[in-house]
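Me: I would like to learn how to read a protein model. Could we go through it feature by feature?

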Amino acid sequence: MNKTIRQLLDTADLLLTDTGEPATSTAATASRCRGATFALRVALESAVADRLTAHRAPRAIREGTQRAAFLWLRGCAEAGAARRAKAVWSQLCLGCHYHQYEIGPTEDQVRAWHTEVAALVALLAL
């Protein structure tokens, strides 16, 4: 795991850490959850890019869309790991986007995503 990925996972941890302040607003909590979701998504994307680089994927794949990267990942990683990575990345993308008609991701969702991303980062680093 490279230093940047570790820092992103730590940032997500920090954002999810309870500040201990009872007056924390719902909006502040939602913002922290969305920020942690962004950090987790970038950490996963970085881990996928590192894996593709290690397997000498073409530059167009490494620097292209994430959809292409996840398709290529199927040939560079175990099928189950590639499938899990794509699934959690899709959920993270939904959690990153603000919609007026939706409540953002909950702390429990983000914590579950954090666990999954940390596991996938470790799998992809092998």
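Me: Are Arg41 and Glu45 buried or exposed?

Reply: Both Arg41 and Glu45 are buried. Buried means under 20% relative accessible area, exposed over 50%, and partly exposed in between, with a 1.4 Å probe and protein chains only. A word on the source: this is a predicted model, where local features need pLDDT of at least 70, side-chain atom pairs count only at pLDDT 80 or more, and totals for chains, interfaces and linings use all residues. Residues are numbered from 1 along each chain as its sequence is written, and side-chain values use heavy atoms, with hydrogens and water left out.

Me: How many salt bridges does the count come to?

Reply: Side chains of opposite charge can pair when their charged atoms come close. A salt bridge here is a side-chain nitrogen of Lys or Arg within 4 Å of a carboxyl oxygen of Asp or Glu. The count comes to five salt bridges. One of them joins Arg41 and Glu45, with the closest N and O atoms 3.6 Å apart. These two residues lie in helix H2, four residues apart, about one turn of the helix. Helices (H or I, at least four residues) and strands (E, at least two) are DSSP runs, numbered from the N terminus.

Me: Which side chain meets Arg59 in a salt bridge?

Reply: That of Glu63, at 3.1 Å from N to O. Arg59 and Glu63 are exposed. Glu107 and Arg111 also form a salt bridge, at 3.2 Å from N to O. Glu107 is partly exposed at 28% relative accessibility, and Arg111 is partly exposed at 39%.

Me: Why do the buried residues of H5 line one face of the helix?

Reply: An α-helix has 3.6 residues a turn, so residues three or four places apart point the same way. In H5 (residues 79-96), the buried residues include Ala81, Ala85, Val88, Trp89 and Leu92. Seen down the axis of H5, its buried residues fall within an arc of 155 degrees, so they line one face. The arc is that of the directions from the helix axis to the C-beta atoms. On the other side of H5, Arg83 and Leu94 are exposed.

Me: Which residues of H6 are buried?

Reply: They are Val110, Trp113, His114, Val117, Leu120, Val121 and Leu124. Their arc around the axis is only 140 degrees, which puts them on the same side of H6. Asp108 and Thr115, on the other side of H6, are exposed.

Me: Which residues touch the most other members of the largest nonpolar core?

Reply: A nonpolar core is a set of buried Ala, Val, Leu, Ile, Met, Phe, Trp, Tyr and Cys residues joined through side-chain atoms within 4.5 Å. The largest one has 33 residues, and Leu40, Leu44, Val48, Leu73 and Val117 touch the most other members. Its largest share, nine residues, comes from H2.

Me: How many aromatic pairs are there?

Reply: A pair of aromatic rings is described by the distance of the centres and the angle of the planes. Rings of Phe, Tyr and Trp (its six-membered ring) pair if their centres lie within 6.5 Å; planes under 30 degrees apart count as stacked, over 60 as edge-to-face and the rest as tilted. The count comes to one aromatic pair. Phe70 and Trp89 form this tilted pair, 5.2 Å centre to centre with 40 degrees between the planes. Phe70 lies in helix H4 and Trp89 in helix H5, so the pair ties together parts 19 residues apart in sequence.
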